[in-house]
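Visitor: Hi, I have a new structure open and could use a quick tour. Can we go through it together?

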Amino acid sequence: MDVIKSAAVAYIHYLSFMFCFGALIFERISIKANPNKKEVISMITADIIYGIAGVALLVSGIYRVIKFGQGIDFYTQNPIFWTKIIIFALVGSLSLYPT
């Protein structure tokens with residue numbers, strides 16, 4: 001049963017990453033000076049999807065580190081893990097910066 005839970009958390013983690021990436025790409029190509037109402041609604045929807053996927057990515061990542069991964073010590077000593085955390089924080093903070 002733990003294998004199924006671990007796989008489910010991993011799939012949620014990877015899918016939420018894909019949704020984050022897709023929503024950011026959609027928002028970036030949709031940005032224009034004077035969008036119409038339909039375009040504004042689709043960008044807001046993409047932003048909501050990005051927010052929900054970002055939270056799911058963070059929570060599933062924490063679950064993977066704490067419960068389903070190789071142990072906290074493995075991740076805290078791994079520079080690739082910290083690089084991914086820094087990139088996640090940078091992308092998240094850049095999405096808050098108005099363009």
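Predicted model: local features only at pLDDT ≥ 70, side-chain atom pairs only at ≥ 80, totals over all residues.

Visitor: Okay. At what angle do helix 1 and helix 2 pack?

Guide: About 150°. Their axes are 7 Å apart.

Visitor: So what do we call that arrangement of helix 1 and helix 2?

Guide: Roughly antiparallel. The label applies because angles over 145 degrees count that way.

Visitor: And is the crossing of helix 1 and helix 2 left-handed or right-handed?

Guide: Left-handed, as helix 1 passes helix 2.

Visitor: What classes of residue make up that contact of helix 1 with helix 2?

Guide: There are 19 nonpolar residues. Eight polar and five charged ones are there too.

Visitor: Next pair. How do helix 2 and helix 4 cross?

Guide: Helix 2 covers residues 37–68, and helix 4 covers residues 79–96. Their axes come within 12 Å and cross at roughly 160°. That makes helix 2 roughly antiparallel to helix 4 as well. The crossing of helix 2 past helix 4 is left-handed.

Visitor: Which residues meet there, between helix 2 and helix 4?

Guide: From helix 2, you get Tyr50, Gly54, Leu57, Leu58 and Val65. From helix 4, you get Phe81, Phe88, Val91, Gly92 and Ser95.

Visitor: How many of the residues in that contact of helix 2 with helix 4 are nonpolar, polar or charged?

Guide: Seven are nonpolar and three are polar. No charged residues take part in the contact of helix 2 with helix 4.

Visitor: Let's switch to single residues. Where does Ser16 lie?

Guide: In helix 1.

Visitor: Is Ser16 buried or exposed?

Guide: Buried. Ser16 has 4% relative accessibility, and buried means under 20%.

Visitor: What does the Ser16 side chain reach?

Guide: The backbone oxygen of Ile12, at 2.8 Å.

Visitor: And which residues does Ser16 touch, leaving out those up to four places away in sequence?

Guide: Ala53, Ala56, Leu57 and Ser60.

Visitor: What about Ser30? Where is its place?

Guide: Ser30 is also in helix 1, which covers residues 2–30. The side chain of Ser30 reaches the backbone oxygen of Phe26 at 2.7 Å.

Visitor: Why does Ser30 count as buried?

Guide: Because its relative accessibility is 14%, and the buried class is under 20%.

Visitor: Now Ala46. What's around it?

Guide: Ala46 lies in helix 2. Not counting residues up to four places away in sequence, Ala46 touches Ala23, Phe26 and Glu27. Phe26 is the residue whose backbone oxygen the Ser30 side chain reaches.

Visitor: How far apart are Ala46 and Ala23, in sequence and in space?

Guide: They are 23 residues apart in sequence. In space, they are 5.2 Å apart, C-alpha to C-alpha.

Visitor: And is Ala46 buried or exposed?

Guide: Buried, at 6% relative accessibility.

Visitor: One last residue. What about Ser93?

Guide: Ser93 lies in helix 4. At 40% relative accessibility, Ser93 counts as partly exposed.

Visitor: How far is Ser93 from Phe74?

Guide: They are 19 residues apart in sequence and 27 Å apart in space, C-alpha to C-alpha.

Key:
Residues numbered from 1 in each chain as written. Heavy atoms only, no water. Axes fitted to C-alpha atoms, helices over the stretch in contact; angles between N-to-C directions. Helix = DSSP H or I, 4+ residues; strand = E, 2+ residues; numbered from the N terminus. Parallel < 35°, antiparallel > 145°, perpendicular 65-115°, else oblique. Left-handed = near helix turned anticlockwise from the far one by under 90°. Contact = heavy atoms within 4.5 Å. Nonpolar A, V, L, I, M, F, W, Y, C, P; charged D, E, K, R; others polar. Buried < 20%, exposed > 50% of the residue type's maximum accessible area, 1.4 Å probe, protein only. Polar contact = N/O pair within 3.5 Å; in protein donor to acceptor, adjacent residues only side chain to side chain.
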